[in-house]
Amino acid sequence: MSSGIVVADTSVLVNFLRIDRMDLIGLHPATFIATEHVGTEISDAYPDQQVRYSAALEAQLLSEERIDDPTELDIFLKLSRHPRLGSGERSAIAVALNRGHVLAIDDNRAINKALHEAGLTGMNLPIIRTQDIVVALIQTEALTVEAADAILTDWAGNHRFRLKINSFTEII
Amino acid sequence: MINLGERLRTARERRGISQQAVAESLGLPRTAVTNMETGKRTVSTLELTRMAELYGQPSTYFLADADAVNEEDISVVLHRAVPEMAERPEIDQAVGHIVDLCREGAALREMLNQTTEQAAPDYSNRMNHVGDAIRQGQLVAQEERRRLGLGNAPIGSLADVITDQGIWTAATELPDSLSGFFVNHPSIGVAILVNAQHWPVRRRFSYAHEYAHALFDRHAPVTTTRQENSSDLVEKRANAFAAAFLMPAEGVVEQLTQLDKGRPSRLAEVIFDVANNATMETEIRPRPGSQAITYQDVAALARHFGVSYEATVWRLKSLGHINHPETDNLIQKKEIGKRYIKLLGFLDILDEGETAPPPEVELRNELTRLALEAFRQGEISRGRIAEISRKLTINPEEMIELAEAARGD
């Protein structure tokens, strides 16, 4: 994928935190940002990953932003009316929609309903998943297919995160 | 249109929280809170979420068009009905937490198109005197037992039975004088909260009592049960319902028969004599004193129906199985009755000890079930599952894993 800005949700970041490979986020051609809400979710829901997340911020592999733009606050609240999404997801969507960034999230089944209910269906929201991030890393030669497949095995075997492929060769 | 700053100030003042307390909770200087309320400082999504939690409001309360909502805020309704909430933050917080869980549950039910709040019939009726109250309570208890297919059997988990009727149930911290309350509000539906400091046997009676309010008095937004309003007709009706619902008249007779008690002192029997084509009359007289209902029988009945010793005595009296002196005698023997209960190990029907056992888990279980189902059907996201699990004090990672497994089926 081309460079640009990706707003990352907890679901994606935690996959890289668990294998202690936040360096891959830094190697990605796009710049990654996370909202304060996502940072809070990581410390609340995944306290074991808090140190790694803080280290990634310190190493500027991604940045964390306070979301106080009135338009983004309004989108965030509109998405709260029907509580389908977590606050981290809502804040990430608000930023991505308002600024025209890409959203990185692994679970987007409830998003379309939430956008529809919030009257936000006309807005463009490109979405990428963890799998797409790895593919981009392979394509930019930041990661070999073998190394990516090793990560795939690690996720499935040790971190209960399974992709619907056996090897990245299937989709490159 | 009211702006965000004004809404923040109104919500804070309504909960009686100082700017300083908000600032400390958010880790900000007090001036930051002042400036947010006067519109001189921006509010972040995270700060807004935390303030909403602190003020017991959904985030949507702060939407610019939220003033179109007409209904009175549930926290205002509850503070009026339970004024102690304003004086005791721990009660305010505990009740607020339960209300928040009910609100989550109501939203999940809506997403799943589950509208079970009307499952329990509306039996509202006028009463002119105590007789009306007692009769209505007893008749509806009988009808509800029939409708729910309970027969004459004891009820296992009463909170479970009520939850199945689409009513949220929870035991939580309440003022000592408050056994429980019933609330009916558009934001959460119908809910029954009982005093978690009371022992399970008393909580069971409170659940049954508040269930009566759900059946008879649901048009009132809140009905509280306190010592000082026990003489009200609606309270007498609810008590009559609770006793009859927990201890059905025919069930009591069946149990007394099993105990070989409660037969009249003289019983006339007529037998047909086929040889002489005539009837033969005889009179059966149980051994003198053998039919007297003793504290041991009361204990056995209490154990069978899962109610207290005292509640059993009063139910026997109201059903006419014991007369006034016998009632007095059995009540006087309540301590010996409780010693007997203790001796037999029926500790669950005693209401004594240092700490009451933990509250019932029905609300937590129902909310967990709804959340997993909503996730499975793609109605809510992973992040939402994590949020709900935190409110239920369930490990979010564990809950997400269970949710993913449900989706995989």
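Visitor: Which strands of chain A does helix 3 lie across?
Guide: This is a predicted model. In it, helix 3 of chain A lies across strand 1 (5-8), strand 2 (31-35) and strand 3 of chain A. Helix 3 of chain A runs at about 75 degrees to strand 2 of chain A.

Visitor: And what does helix 6 of chain A lie across?
Guide: Helix 6 (residues 87-99) of chain A lies across strand 1, strand 2, strand 3 and strand 4 of chain A. Its angle to strand 2 of chain A is about 130 degrees.

Visitor: In what order do the strands of that open sheet in chain A come?
Guide: The order is 3-2-1-4-5, with 5 strands and parallel pairing.

Visitor: Which ones are the edge strands?
Guide: Strand 3 (63-65) and strand 5 (127-128) of chain A, since each pairs on one side only.

Visitor: How many bridges join strand 4 to strand 5 of chain A?
Guide: There are 2 bridges between strand 4 (residues 102-104) and strand 5 of chain A. A:Ala104 stands opposite A:Ile128 there.

Visitor: Back to helix 3 of chain A. At what angle does helix 1 pack with it?
Guide: Helix 1 (residues 10-18) and helix 3 (residues 36-45) of chain A pack at about 50 degrees, and their axes are 10 Å apart. That angle makes helix 1 of chain A oblique to helix 3 of chain A.

Visitor: Is the crossing of those two left-handed or right-handed?
Guide: The crossing of helix 1 and helix 3 of chain A is right-handed.

Visitor: Which residues make the contact?
Guide: Helix 1 of chain A gives A:Thr10, A:Leu13 and A:Leu17, while helix 3 of chain A gives A:Val38, A:Glu41 and A:Ile42. By type, the residues of this contact are 4 nonpolar, 1 polar and 1 charged.

Visitor: Chain B now. How many helices and strands does it have?
Guide: Chain B has 19 helices and 6 strands. Of its 409 residues, 50% are buried.

Visitor: Why is strand 3 of chain B described as largely enclosed?
Guide: Strand 3 (residues 189-195) of chain B has 7 of its 7 residues buried, so the rest of the structure largely encloses it.

Visitor: Which way does strand 1 of chain B run against strand 3, parallel or antiparallel?
Guide: Strand 1 (residues 168-172) and strand 3 of chain B run parallel, joined by 5 bridges. B:Trp168 is opposite B:Ala191 of strand 3.

Visitor: And strand 2 of chain B with strand 3, parallel or antiparallel?
Guide: Strand 2 (residues 178-185) of chain B pairs with strand 3 of chain B in the antiparallel sense, over 6 bridges. The two form a hairpin with 3 residues between them. B:His185 has B:Gly189 as its bridge partner in strand 3 of chain B.

Key. Residues are numbered from 1 along each chain as its sequence is written. Chains are lettered from A and ligands numbered from 1 in the order in which they are written. This is a predicted model: local features need pLDDT of at least 70, side-chain atom pairs count only at pLDDT 80 or more; totals for chains, interfaces and linings use all residues. Side-chain values use heavy atoms; hydrogens and water are left out. Buried means under 20% relative accessible area, exposed over 50%, partly exposed in between (1.4 Å probe, protein chains only). Helices (H or I, at least four residues) and strands (E, at least two) are DSSP runs, numbered from the N terminus. Two strands pair if DSSP finds at least two bridges between them. Axes are lines fitted to C-alpha atoms, for helices over the stretch in contact, and angles run from 0 to 180 degrees between N-to-C directions. Angles under 35 degrees count as roughly parallel, over 145 as roughly antiparallel, 65 to 115 as roughly perpendicular and the rest as oblique. A crossing is left-handed if the near helix is turned anticlockwise from the far one by less than a right angle, and right-handed if clockwise. Contact means heavy atoms within 4.5 Å. Ala, Val, Leu, Ile, Met, Phe, Trp, Tyr, Cys and Pro count as nonpolar, Asp, Glu, Lys and Arg as charged, and the others, Gly among them, as polar.
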